[in-house]
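Please keep the sequence and the model side by side while reading.

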Amino acid sequence: MIVGTRGSNLAIVQTNYVKRLLSNITKEDVNVNIIKTTGDKITTSQLYNMDSKGLFTKELDKSVLEEEVDFAVHSLKDVPTDLNEDLEIVAVPPRVSSNDVLISKFSWKELRPGATLGSSSLRREAFCNHHDKGLKLKPIRGNIETRIQKVMNGEIDATIMAEAGLVRLGLMNHVKYRFSIEEMTPSAGQGAIAVITRKDSLKKEIIQKISDYYSYQEVLAEKSLLNELGVGCQWPLGTSAKIKLDGIELYSVLLTKSGEILSKVRLKGPIKDAENLGKETGKIMSEYL
């Protein structure tokens, strides 16, 4: 089998993780094909100031469609809700934490008005504005290691990242504070990996076996909300689904860019209703768009 992936350290680690899972169920070799995406080539703009749909996935998905690779591995939060009709997310391996974390020499409480915080996420900027700390928000791009280095060498005082990437790269020693889901509600699919194939792929049946049912249902609820609202990273929206003993809970927050909370919705239901929870939340929130 051939897998397509981006070339960042995180993408390679995630791809190798998928390879290890597959090696437990098949003796087929999996060869890696590194593909540069549009998002990798753009290093100067904030993502929400451009048409970001498929920015980190489009070239990989094209390779799957044209059968240059058998499947692609993505960070699930990068996958557009309106995936090409010939493609399918066939597996979501066990999800890592969806929380955001602070990278800084200072704790969240120690960051004073005027401190610089680097971000290319409209959602994170909106939540920072909501907390009204008087932070000076600056654009920041680059891979995880580059952004950490900018904090450590003093270019900025802090940045906010997904905890999952730091866990996978063994960089948790740089974390100064872990935000609760309510303090900084994550983006849909954060912490999860998506494995994508053609719908008619002969490899689909094998790859499906590495999927985690509960992780899949969580991201299904979150992505269904995005699909219902028809928004991507151009709108400050956080959403987090969690499997509980009595079902699934979806907590979602819609904000303005300035940090005003427009809508906060918490819905619970049976796990089998995950998709409907997302749709129902979307219908409630659509009044505020």
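Helices here are DSSP runs of H or I with at least four residues, and both helices and strands are numbered from the N terminus. In this predicted model, isoleucine 12 belongs to helix H1, which spans residues 9-23.

The surroundings of isoleucine 12 can be described next. Once the neighbours within four places in sequence are set aside, isoleucine 12 is in contact with Thr5, Arg6, Gly7 and Ile34.

Turning to the protein as a whole, its secondary structure comprises nine helices and 13 strands. The C-alpha atoms occupy a box of roughly 55 × 45 × 35 Å along the principal axes. The radius of gyration is 19 Å, which agrees with the value near 19 Å that a compact globule of 289 residues would have. Of these 289 residues, 52% count as buried, and among the contacts with a separation of 6 or more, 69% are made by residues 24 or more positions apart.

The surface and the charges complete the picture. The protein exposes about 13400 Å², of which carbon and sulfur atoms supply 47%, while the mean positions of its 40 positive and 38 negative charges are 5 Å apart.

Methods
Residues are numbered from 1 along each chain as its sequence is written. This is a predicted model: local features need pLDDT of at least 70, side-chain atom pairs count only at pLDDT 80 or more; totals for chains, interfaces and linings use all residues. Side-chain values use heavy atoms; hydrogens and water are left out. Helices (H or I, at least four residues) and strands (E, at least two) are DSSP runs, numbered from the N terminus. Contact means heavy atoms within 4.5 Å. The radius of gyration is taken over C-alpha atoms; the globule rule is 2.2 Å times the number of residues to the power 0.38. Buried means under 20% relative accessible area, exposed over 50%, partly exposed in between (1.4 Å probe, protein chains only). Accessible areas come from the Shrake-Rupley method with a 1.4 Å probe; for residues, only the protein chains shown count as cover. Lys and Arg count as positive and Asp and Glu as negative; His and the chain ends are not counted. The place of a charge is taken as NZ of Lys, CZ of Arg, CG of Asp or CD of Glu.
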